[in-house]
Amino acid sequence: MADKAEQKQQNPGAAKGGVTEITPQSENFSQWYLDVVRRAELADYTEVKGCMAIRPYGYAIWELIQQAFDKRFKATGHVNAYFPLFIPASLLNKEKEHVEGFTPQVAWVTKGGDEELAEPLAIRPTSEVIIGTCYAKWIKSWRDLPVLINQWANVVRWEKVTRPFLRTTEFLWQEGHTAHETAEEAQEETLKILALYKECAETELAMPVVDGQKSESEKFAGASRTYSIEALMGDGRALQAGTSHNLGQNFAKAFGIQFQGRDKAVQHAWTTSWGVSTRLIGGVIMTHGDDNGLILPPRIAPYQVVIVPIPRGNWQETVLPKAKELQASLQALGVRVFLDDRDSQTPGWKFAEWEMRGVPLRMEIGPKDLEKSAVMVARRDTRTKDSMPMDGLAPAIVAKLDEIQAALLQRARAFRDEHTTRVGSYDEFKATMEGRPGFVIAGWCGSADCEAQIKADTQATLRNIPFGGANVTGTCVKCGKPSPAEAWFAKAY
Ligand SMILES: [Zn+2]
């Protein structure tokens, strides 16, 4: 167990080295976010405006998120491939809505070495175009369908205002691109992926999401229908955490993806595309974090447990071997453990450091703990500390990690529910939006005018229309006309 002096150093602001200098959320949430990103060494700014360096700790989180999604894609029959970074200008211009939607954000390559290119190359803002032209070559018959391909890649969208992970000019993501024989199969795929996204976000990231359909004005450029998962951040703003698009035959017609059907007739394929990105890391930070920094759900924590040996007496002969033994027993059960035996830092510094970096469990072990055959275990989410017996410790720690994972989801869900208000009138809508941030559920007639007016009046955008909304026979909160479904509104990132 740590002595009194060391325990004092756990208090926020007491640690040396500036590790706890994080702006409180209540003071400035946006600054808090940037402080956490940099202090926890998730990412840093670079010489390229709007482009971040993802540091090893941040990248390790991304790798775990990638694995979680990738495993699910493969389990549902998808395979990975890789397509080029560049798109010839003439190809990008083929799908009219798509090009109009993306043109303001496209970066271009116009020179190769000293030579002007005959045709400028766009750097992919997304890959429907380049993948569509490949599918046009690869798909000939109904026997070639479905094509279920995913790509892990970087994309570039020229952004004016950027924020690490949430909106950057270059970012990492996955983009699934599938082609199907029938409209029904494409729709089934679109919704299957949306459900997969929801399940993965909630199970792995402990981030509760609302799944539903986007309005016409918020849908993907060139899609027939767009669906999204929307999460609520700690400041009450919504974050679009993933999208799944039913592209109908729009891209198949633009790029000539045709096949001979079972009836021998040549027809266009039905395609989908869907993606999640490094934005999810921003979502995790803002869903779970507190004034002491990051709080990571165990399933995506690079270190689920950090062991801090207390250096007292001949600790290297007594405490350290026991700490190593504990580390090995945890690793044997698949737990990601870091034994922080650096003698360049005090235990108090380490406590504050790993707390700020969001490690779910911290284990403290000193000579007194050895005498009692116990260790002190501190939880990051509740900041509570318990003595746990060494006997049977590893399985008990695994159970505790599961408990934390579940508690974080529950806490985030309770927060989301507390910050979700169903309103009956437009005055109530406006008052709620001005008062407390969060989701507002309201009837909506389906008109883009009402949607635009609501946005102009309140800054709230229509996030999505969840499946099976309750108020199916209600009226539009803006114009009073019949509302076929309820929509969820929020100010969003
Ligand atoms: Zn209306």
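Figure 1. In strand β18, M376 is the bridge partner of E364. Helices (H or I, at least four residues) and strands (E, at least two) are DSSP runs, numbered from the N terminus. The structure is a predicted model, in which local features need pLDDT of at least 70 and side-chain atom pairs count only at pLDDT 80 or more, while totals for chains, interfaces and linings use all residues. Residues are numbered from 1 along each chain as its sequence is written, and side-chain values use heavy atoms, with hydrogens and water left out. Strand β17 (residues 361-365) is joined to strand β18 (residues 374-379) by 4 bridges, and the two run antiparallel. With β15, strand β17 pairs in the parallel sense over 5 bridges; two strands pair if DSSP finds at least two bridges between them.

**Figure 2. Arginine residues over aromatic rings.** The charged end of R362 sits over the ring of F351, at 4.3 Å from its centre. A charge sits over a ring if NZ of Lys or CZ of Arg is within 6 Å of the ring centre and within 35 degrees of the ring normal. R357 lies over the face of Y57, 4.3 Å from the ring centre.

Figure 3. The whole structure contains 21 aromatic pairs. Rings of Phe, Tyr and Trp (its six-membered ring) pair if their centres lie within 6.5 Å; planes under 30 degrees apart count as stacked, over 60 as edge-to-face and the rest as tilted. One of the pairs is formed by Y57 and Y303, which is tilted, with 6.4 Å centre to centre and 35° between the planes. This pair links distant parts of the chain, 246 residues apart: Y57 belongs to helix α3 (residues 56-75), and Y303 to the loop between α9 (279-288) and β15 (305-309). Y57 is buried, with a relative accessible area of 6%, whereas Y303 is partly exposed at 26% relative accessibility. The pair of F69 and F73 is tilted because the ring centres lie 6.2 Å apart and the planes stand at 40°. Both residues lie in helix α3, 4 residues apart, about one turn of the helix. F69 is buried at 1% relative accessibility, and F73 is buried at 1% as well. W62, F69, F73, W152, Y197 and W274 form one aromatic cluster.

**Figure 4. The surroundings of T190.** T190 is found in helix α7 (residues 183-204) and is buried, at 0% relative accessibility. Leaving aside residues up to four places away in sequence, T190 touches Y227, S244, H245, N246 and T272. Contact means heavy atoms within 4.5 Å.

**Figure 5. The site of the zinc ion.** The protein donors of the zinc ion are the SG atoms of C445, C450, C476 and C479, which lie 2.2 to 2.3 Å from the ion. Donors are N, O and S atoms within 2.8 Å of the metal (3.2 Å for Na, K and Ca); water is not among the atoms, so sites may look incomplete. The angles among the 4 donor atoms are 105 to 114°, and the site is tetrahedral. Four donors count as tetrahedral if all angles lie between 85 and 135 degrees. In sequence, the donor residues are spaced C-x4-C-x25-C-x2-C. Both C445 and C450 are buried.

Note on methods
Four donors count as tetrahedral if all angles lie between 85 and 135 degrees; four count as square planar and six as octahedral if opposite donors are over 155 degrees apart and all others between 65 and 115; anything else is irregular. Buried means under 20% relative accessible area, exposed over 50%, partly exposed in between (1.4 Å probe, protein chains only).
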